[in-house]
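The sequence and structure come first.

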There are 2 protein chains.
Amino acid sequence: MENVESLAWREKKRRLLNKCRIFDLYEVEKESPNGEDGSFYLLDSPDWVTVIPLVHGKDGVENFLMVKQYRHGSSEITLEFPAGMIDPEELPLAAAERELLEETGYRTGNIIEIGAVSPNPAFMNNTSYTFLARNLDLIKEQNLDKDEFIHFHLVPVPEVLKNMGTGQYSNGVMMMALAYYNRFISSSS
Amino acid sequence: MENVESLAWREKKRRLLNKCRIFDLYEVEKESPNGEDGSFYLLDSPDWVTVIPLVHGKDGVENFLMVKQYRHGSSEITLEFPAGMIDPEELPLAAAERELLEETGYRTGNIIEIGAVSPNPAFMNNTSYTFLARNLDLIKEQNLDKDEFIHFHLVPVPEVLKNMGTGQYSNGVMMMALAYYNRFISSSS
């Protein structure tokens with residue numbers, strides 16, 4: 001029988017290289033299963049939350065409420081679900097409600113967690129949570145940070161299912177979210 | 001009509017903070033659509049490749065060839081598709097063939113690209129490519145880097161479809177890859 005513990009490395013010490021607003025960069029000294037030394041880079045990162053807002057149209061068509069924004073990493077304008085970082089001490093559900101309200105102006109009592117994953121376990125230690133929000137009520141206008149320029153759009157669900165991961169939908173975190181949505185819908189039907 | 005160019009920021013200059021083996025960390029000064037200054041962190045990163053090796057069992061069951069390894073970011077042992085970074089000047093297809101061979105010992109002539117996405121466009125500028133490999137031939141034993149301790153397993157496809165994004169399958173990059181696989185299979189049937 002395979003001993004999976006034989007794969008685990010042990011951390012010996014870590015050194016902070018850079019404090020960045022969105023993560024802290026460390027160099028970590030570790031010992032391999034064979035007792036050899038190795039050093040690895042780690043982004044100590046806050047957890048993330050993505051909210052999938054499902055809106056029923058008058059004509060019976062289901063839509064996702066998507067936000068269009070400029071992404072500084074890829075230097076591209078993308079169409080995505082509302083998402084953001086979870087604040088220290090903030091619960092994922094509260095973060096989901098907050099991001100939904102701040103980015104779209106909507107609130108709902110019907111919001112549930114449908115998935116949680118390590119988005120990039122190679123060098124990040126955080127968890128990315130996905131929530132599904134339904135029965136939205138428009139509460140107020142968008143409340144955006146100074147740096148946030150966000151336009152939002154109602155997009156028919158089939159269009160997002162077909163195009164996710166291509167063109168303006170090029171964001172892997174959103175692919176993760178939609179995968180959880182697909183599984184949730186399949187298990188509910 | 002919405003002017004999407006009104007969302008784009010303009011880079012003014014960038015400063016290298018740390019050269020790490022797997023990315024370079026920059027601080028980037030940018031100008032907003034409104035002419036205001038902002039600074040952003042960027043991980044200048046190599047492209048990634050994930051290979052989905054599909055293997056037909058003697059009993060007609062289709063399996064994925066998965067690799068079990070320790071992930072330094074999450075400090076967890078995960079079960080994943082073979083994957084890695086694309087070398088400078090290396091084409092994605094060549095990287096896919098190389099990672100497949102190095103991590104599993106298999107080679108095949110039947111390997112195609114099924115998707116490409118920005119895995120984390122918020123602060124990374126790279127592309128993650130997904131390939132599907134079929135009709136595998138065992139060529140040689142695994143050829144692993146000194147730091148790589150990898151065990152591989154044949155896992156029935158339905159088991160991976162059901163569990164991706166949970167438990168030992170907690171890797172968002174693998175969720176992206178499987179989403180492209182699902183779309184490819186749907187469009188082929």
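## Cysteines

The sulfur of Cys20(A) has its closest cysteine sulfur in Cys20(B), 9.9 Å away, which is too far for a bond. A disulfide is a pair of cysteine sulfur atoms within 2.5 Å, and the structure holds zero of them over all chains. Cys20(B) is likewise in no disulfide, its nearest cysteine sulfur being that of Cys20(A) at 9.9 Å.

Cys20(A) is buried, at a relative accessible area of 7%. Cys20(B) is buried too, with a value of 7%. Here buried means under 20% relative accessible area, exposed means over 50%, and partly exposed lies in between (1.4 Å probe, protein chains only).

## Basis of the model

This is a predicted model, in which local features need pLDDT of at least 70 and side-chain atom pairs count only at pLDDT 80 or more, while totals for chains, interfaces and linings use all residues. Residues are numbered from 1 along each chain as its sequence is written, chains are lettered from A and ligands numbered from 1 in the order in which they are written, and side-chain values use heavy atoms, without hydrogens and water.

## Aromatic pairs

Over all chains, the structure holds 14 aromatic pairs. Rings of Phe, Tyr and Trp (its six-membered ring) pair if their centres lie within 6.5 Å; planes under 30 degrees apart count as stacked, over 60 as edge-to-face, and the rest as tilted.

One of the pairs is tilted: Phe23(A) and Tyr41(B), 6.5 Å centre to centre with 55° between the planes. This pair joins two chains, because Phe23(A) lies in strand β2 (residues 23–31) of chain A and Tyr41(B) in strand β3 (residues 37–44) of chain B. Strands (E, at least two residues) are DSSP runs, numbered from the N terminus. Phe23(A) and Tyr41(B) are both buried. Ring pairs also link Phe23(A) and Tyr41(B) with Trp48(A) and Phe123(B) in a cluster.

Tyr106(A) and Phe152(A) form an edge-to-face pair, with centres 6.5 Å apart and planes at 75°. This pair links distant parts of the chain, 46 residues apart: Tyr106(A) is in strand β8 (residues 106–107) and Phe152(A) in strand β12 (residues 151–156), both of chain A. Tyr106(A) is buried at 18% relative accessible area, whereas Phe152(A) is partly exposed at 35%.

## Charges over rings

In chain A, the charged end of Arg14(A) sits over the ring of Tyr26(A), 5.3 Å from its centre. In chain B, the charged end of Arg14(B) sits over the ring of Tyr26(B), at 5.3 Å from the ring centre. The criterion is that NZ of Lys or CZ of Arg is within 6 Å of the ring centre and within 35 degrees of the ring normal.

Key
Helices (H or I, at least four residues) and strands (E, at least two) are DSSP runs, numbered from the N terminus.
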